[in-house]
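This briefing looks at how the parts of a structure pack against one another.

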Amino acid sequence: MTVHPVARPGTRVLADRPAGRPRYAFSWSRLLLAALCGLILLFLIAPVIIVIPMSFSAAKYLSFPPPGFSLQWYQNFFNRSDWTSAMIQSIRVAFTVMILATILGIMASLALVRGNFPGKDFINVVIVSPLIVPTIIVAIAVYGVYARLHLVQTFVGLVLAHTVLALPYVIVNVTATLRGFDIRLEQAAQSLGASPLQTFRFVTLPTIAPGIFAGAVFAFIASFDELIVALFIAGAQGRTLPMRMFEGLRLEIDPTIAAVSSMLITFSVLVLLSAEVVRRRGRREL
Amino acid sequence: MAVTAPGSATGARVVVDPRMRRLYLRRQLGLFGLLLPALLLLLVLFAYPILRLLVTSVYDQGSFSLEHYQRIVQVDLYLRVMRTTFTIALQVTAICLVLGYPLAYFLSTLRARTARLLLILVLIPFWTSILVRTYAWMVLLQRQGVINRWLIELGLIDEPLRMMYNRIGVLVGMVHVLLPFMVLPTFAVMRGIDRDLIRAAQNLGATPLQAFLRVFFPLSLPGVAAGSLLVFILALGFFITPALMGGRTDIMIAQLMEDQIRTQLNFPFAAALGTVLLLVTLVIFVIYNRLLGLDKIFGGDVS
């Protein structure tokens, strides 16, 4: 699960500081609390950070601090076709999933926010349920059906299964921005002669773009990080990067994984930053 | 058009003029059409497979049978897996609560800017692949790992501690993955608590501790409940961490399911295990929904 991907609540956590918040004066108990929280934050962040220096280690085995600087593990990664082909496969799958889930997700979000048909609440639940059901269950259930449809070990099969898991992220983010969208803007555009498609392209789309961007990013990551469904469906030929890493960790702890991990951490920090930038820009325009 | 605005109770007002009504219905039909591709995908590749899984679990050689469920309760090994799964999920939830509550509390007392900065330290691991984080813990905890070397160099221990391939490794790895799921909802609720209430309690003579226990703590409980239920559910279905850092005897239900399919080729039995896991998950979610509402989890906006 990618717990993944399990629901990753968005990053928009802070409201402005509520009025009347008391200032906390210095006290020993407060200092103790601060120290404790420092340790907890260290517990959260240290493992992620420690991987980066290790990936540049000159040693043949794991040691920290590393005895010298070397790019051997990165070299190893890019020279070995089992690693590079897994990475290329993951990017291909995740990119296709992102496009598919974003298009289907925007369409569904419009229907869910604007529509008024029977069973809408039920449909809402169905659509987020892939986030609730443990991934292992989705994996074996889809595997059972795929075996009959001959979709096991196919690119299409993996993409479709990942799209099911990615779709809720797009829908949650796009419906959130759509709800804040003032529908009178569309009415104004249409009364000035715009077609429904033009209205969507030039009025709706630019306004909800931040939600779409966030949803697309989540969809990409949901697929890119996904292991369990891929484990059942992808097969040795279509091995993804998480599958290759999982094998590597099961057999021996190969420091090449430190190099892969550092690249992935850099990637997720960049994603986090770009989502934040887009969100801020979106807020300013509104 | 205003009739379709979400959240407005105007649906009933529509229907006076037949021409308006036709337009309205056509628009609704068009909107439903937009929903159709996503709905079809979910029905074919999610709802149907899971339904089929449930059906498979009550069939044995072509006829109805509860054989697979009986096996779960009768075979010691499988009962132990169930017990281990629940115990680990409970332990992880308890640890996350103990670590997450003070952290969320502390963050909620800071100025927004400072809290936002510190929250990045929670969000970066949250956004990092579980495999990467599990790898990091394996590097830290293994026999020749970073922590053991440092402890030996410092002279605190003579023999390396066993912190991996046993329960300790699983708990550390899982808590690391699940702690943000506790901190974020708890923090969001605490942030919304009106601090004037606490000041009022203190003006009325409560000590800071009393004010915390009798005013702040009860108000923070919805966040705690949300975080705990979420962590517990996610922990029940965990696969990656126990598979990589767990001991051979400490097997969780997801590992058993994977093993039943990939090495024993026993799909119906795995389906029965999956059904049990699914039912437990759903029951907890119904409770969650009653208490807090599903939208609380999935809202892209925690504030």
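Which residues does A:Val142 touch, not counting residues up to four places away in sequence? In this predicted model, A:Val142 touches A:Ala161, A:Val229 and A:Ile233 in its own chain, together with B:Leu45 and B:Pro49 from chain B.

**Contact between the chains**
- Counting both sides of the contact, 93 residues of chain B meet 95 residues of chain A.
- On the side of chain B that touches chain A, helix α1 (residues 18–57) of chain B supplies the largest share, with 19 residues.
- Sorted by class, that side of chain B is made up of 66 nonpolar, 16 polar and eleven charged residues.

**Domains of chain A**
- The domain assignment divides chain A into domain 1, covering 31–70, and domain 2, covering 81–285.
- Taken over C-alpha atoms, the centres of domain 1 and domain 2 of chain A are separated by 31 Å.
- Where these domains of chain A meet, seven residues of domain 1 are in contact with seven residues of domain 2, and the side belonging to domain 1 has five nonpolar and two polar residues but no charged ones.

How values were computed: Residues are numbered from 1 along each chain as its sequence is written. Chains are lettered from A and ligands numbered from 1 in the order in which they are written. This is a predicted model: local features need pLDDT of at least 70, side-chain atom pairs count only at pLDDT 80 or more; totals for chains, interfaces and linings use all residues. Two residues are in contact if their C-beta atoms, placed from the backbone, lie within 7 Å. Helices (H or I, at least four residues) and strands (E, at least two) are DSSP runs, numbered from the N terminus. Ala, Val, Leu, Ile, Met, Phe, Trp, Tyr, Cys and Pro count as nonpolar, Asp, Glu, Lys and Arg as charged, and the others, Gly among them, as polar. Domain bounds come from an automatic or database domain assignment.
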